[in-house]
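Please look through the sequence and the three-dimensional structure below, and then read the notes that follow, which are grouped by topic.

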Amino acid sequence: MRRLAVVVLTGAVLVSGCAAEENPADPLQLAATLEPARPEVSPEQSATPEGRVLPLGRATSVAVAGGRVAVALTDPPSVALYPVDLSGEPVVVPLPGPAERLVAVGDAVEAVVPSGVVVTIRPDGSTSQRAVEGGPVDVARVDGATLVAQRDLKQVAVDGRVVSGISSPDRLVAVGDAAVVLDRPRSAVFDLDPAAESPGAGLRAGEGATNAVADRFGRVFVVDTRGGELMAFSTAPLIMRLRYPLPGAPYGMAYDEARDLVWITLTGRNEVVGFDVAGGEPVEEHRFATVRQPDSVAVDPGSGRVFVASGDGRGMQVIG
């Protein structure tokens, strides 16, 4: 029987950004040693992947922007740009190092390289780049400001200034004129006002949260990879609204605003699931077999086509 637990908290917990070893009184501490959740190592495929599979090397991220689907590859470090309808050969853009994250920004894609650079890739394959110190791992646009998560420096840069005191800023999610920061080691989410000097309230997000997306209603959906759950938070104030069981080590996430679908990969099952989130409770609409190790997913809002990239070199799957 499907189970849905709705949790409403009247207040969020104010916490500092110190690591648990330095702050054993941290109410968000899960264990004496903090270890971020990672995608589960997938079993061998037992079902034929839905749709079409393009041969590709190991991919770390996939994104859709400007009529292109961009896939970040590790060997050699590069981004392959395909027409979103797959009507032609890809343009391959070299990178100075492997990208941890691809983020759609208008018609361009930004490749975030932790070795210290953010590369802007336009639909025609032209690029520009900017150096970013401190281990950049994610970017977001909030009310005209550019936010960059700097994991090694434990801070978020905001157009030349910083919001400090964040133990591990691993993911940034823009929500209106503010943002939510996901801290993977503490499996927690935090309010972030770009004009503030430090993060705001924080809440636990399961046992091992890894990724997050926002929907058009201002909710932030988070997957708990270790605990096997989908969670939703509202902001201003930060409140957990639901916890939904999702076995199979959920990891990759993408949101289709045109159809109100949240797509989630299950690395423990080699599957991708699409949930209708227009109402108060997620409703499963789609479930497909995938390539092995489906670590990342993206969706084309125009066609609804879904792209699943393998983290162990089994290619990119195209559904729809």
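Gln 293 is found in the loop between strand 25 (283-289) and strand 26 (294-299), where strands are DSSP runs of E with at least two residues, numbered from the N terminus. Its phi is near 55°, a positive value in a residue other than glycine, and Gln 293 is buried, with a relative accessible area of 7%; buried means under 20% relative accessible area and exposed means over 50%, with partly exposed in between (1.4 Å probe, protein chains only). This is a predicted model, in which local features need pLDDT of at least 70 and side-chain atom pairs count only at pLDDT 80 or more, while totals for chains, interfaces and linings use all residues. Residues are numbered from 1 along each chain as its sequence is written, and side-chain values use heavy atoms, with hydrogens and water left out.

**Other backbone features in loops**

- Asp 143, in the loop between strand 10 (136-142) and strand 11 (145-150), also has a positive phi, near 50°, and this residue counts as exposed because its relative accessible area is 66%.
- The peptide bond from Asp 75 to Pro 76 is cis, with omega near -5°, and Pro 76 lies in the loop between strand 3 and strand 4.
- A cis peptide bond also runs from Ala 236 to Pro 237, with omega near 5°, and Pro 237 belongs to the loop between strand 20 (229-234) and strand 21 (239-245).

**The hairpin of strands 8 and 9**

- Strand 8 (residues 117-121) and strand 9 (residues 127-131) run antiparallel and are joined by five bridges, whereas two strands already pair if DSSP finds at least two bridges between them.
- Five residues separate the two strands of this hairpin, and Gly 125 in the turn has a positive phi of about 95°.
- Asp 124, in the loop between strand 8 and strand 9, counts as exposed because its relative accessibility is 58%.
- The side chains of Asp 124 and Ser 126 are joined by a polar contact of 2.7 Å (a pair of N or O atoms within 3.5 Å; within protein, one must be able to donate a hydrogen and the other to accept it, and residues adjacent in sequence count only if both atoms are side-chain atoms).

**A buried serine**

- Ser 187, in the loop between strand 15 (178-183) and strand 16 (188-192), counts as buried because its relative accessibility is 1%.
- The side chain of Ser 187 reaches the backbone oxygen of Gly 206 at 3.2 Å and the backbone nitrogen of Gly 208 at 3.1 Å.

Conventions
Helix = DSSP H or I, 4+ residues; strand = E, 2+ residues; numbered from the N terminus.
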